[in-house]
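Look at the sequence and the structure side by side. This report walks through rings, charges and strands in turn.

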Amino acid sequence: MTLGHINDIAAFVAAAETGSFVAAARVRSMTRSGIAKSVSRLENRLGVRLFNRTTRSLGLTDSGSAFFERYSEILSDLEDAEFSLSSGYGEPQGMFRLTAPATFGRVMVLPLLNQFLNDWPRLRAEASLTDRVNDIIAEGFDLAIRIGEMRENTSLIARTIATQRDIVVGSPAYLDGRQPPRAPEDLTQHDCLSYVNAGQHRAWRFSVNGEVIAVRPKARLALDGGEALRDAAISGAGLAFLPTYLVTEDIVAGRLREVLEDFAAPPIPISAIYPSRRHLAPKVRRFIDLVLKAGRSNI
């Protein structure tokens, strides 16, 4: 098998994993036409069609599925062997592409990413901080950080790196002179500040009699950012449901008070997500280690 044959197989595997030639081109640092030509050469050499192509979709044929199952693992083994013998083994280098939720990304991830870049001068980084759930394979991300239970996806690996605890807080200016809520149902008597994303209001989760319930209080004010909600709560606009990492300093400083402490729901997992079929490069492995260390002490 020649190097050209291996490159054609790598282009095919990338197209199969991402579902498009355009996305595969980003993953392989090639042009779309280069991916298409590699796949065509491979099909001609094998004498079978590997993809069913339409103007809108790219799907594997039966032959393509069989070829993918066998050669994607072989290709992964080749990449691992090559990388383990290279002079750069163990040192993060090149471009590191990361995506994380907007507020968590700005407050917790960016400081770590800055430290990571300082520690490894041969590394560059690109971060997408958004509450939109990116398709990390199609969009070529090395790593995604996500909050909440993960849906099963056999093409991705999820590793819990920390947990998030959400609490209800309000400012002294709001709570003074009002009866604080004693149970989740009391929230109907209060001005509540809601997080909204794509028209959906986030539920407030509480533990009641050993069961977790989801409550969506009627919002007096809805905002699409955690930091904006914190600022609105500090200003006295109402009660907000926010993660402890975002409000702990404000509670210590007296700018906010926690309420409904006896109904706190179980912590929510924070996961590092990465493609299972790619070699776990040092830049990914070491950044996960860095976040794990920070998560144990700060989140």
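## Aromatic pairs

The model is predicted, and ten aromatic pairs are counted in it. Start with Phe 12 and Phe 51. Their ring centres are 5.3 Å apart and their planes meet at 50°, so this pair is tilted. Phe 12 belongs to helix 1 (residues 3-18) and Phe 51 to strand 1 (residues 51-53), so the pair ties together parts that are 39 residues apart in sequence. Phe 12 has a relative accessible area of 0%, so this residue is buried. Phe 51 is buried too, at 1%. Both rings also belong to one aromatic cluster, formed by Phe 12, Phe 21, Phe 51, Phe 67 and Phe 68.

Trp 204 and Phe 241 make another pair. Here the centres are 5.4 Å apart and the planes stand at 15°, so the pair is stacked. Trp 204 sits in strand 10 and Phe 241 in strand 13 (residues 239-243). That links distant parts of the chain, 37 residues apart. Trp 204 and Phe 241 are both buried.

## A hairpin

Strand 10 (residues 204-208) has a partner in strand 11 (residues 211-215). The two run antiparallel, and five bridges join them. Phe 206 stands opposite Ile 213 of strand 11. Two residues lie between the strands of this hairpin, and Asn 209 takes a positive phi near 55°.

Strands of a sheet pair through backbone hydrogen bonds, either parallel or antiparallel.

Strand 3 (residues 94-100) and strand 5 (residues 143-147) run parallel, joined by two bridges. Thr 99 of this pairing stands opposite Ala 144 in strand 5.

## Charged partners

Side chains of opposite charge can pair when their charged atoms come close. The count here is 13 salt bridges. One of them joins Glu 126 and Arg 97, with the closest N and O atoms 2.8 Å apart. Glu 126 lies in strand 4 and Arg 97 in strand 3, so the bridge ties together parts that are 29 residues apart in sequence. Glu 126 is partly exposed, at 38% relative accessibility. Arg 97 also lies over the face of Phe 141, at 4.3 Å from the ring centre.

Glu 258 and Arg 165 meet in a salt bridge at 3.9 Å, N to O. Glu 258 is in strand 14 (residues 257-259), while Arg 165 is in the loop between strand 6 and strand 7 (166-170). They are 93 residues apart. Glu 258 is partly exposed at 22%, and Arg 165 is partly exposed at 35%. Asp 191 and Arg 220 form a salt bridge as well, with the closest N and O atoms 3.2 Å apart. Is Arg 220 buried or exposed? At 61% relative accessibility, Arg 220 counts as exposed. Asp 191 is partly exposed, at 22%. Salt bridges with shared partners also join Asp 8, Arg 41 and Arg 45 into one network.

Definitions and conventions. Residues numbered from 1 in each chain as written. Predicted model: local features only at pLDDT ≥ 70, side-chain atom pairs only at ≥ 80, totals over all residues. Heavy atoms only, no water. Pairing = 2+ DSSP bridges. Helix = DSSP H or I, 4+ residues; strand = E, 2+ residues; numbered from the N terminus. Phe/Tyr/Trp six-rings, centres within 6.5 Å; stacked < 30°, edge-to-face > 60°. Buried < 20%, exposed > 50% of the residue type's maximum accessible area, 1.4 Å probe, protein only. Lys NZ or Arg CZ within 6 Å of the ring centre and 35° of its normal. Salt bridge = Lys/Arg side-chain N within 4 Å of Asp/Glu carboxyl O.
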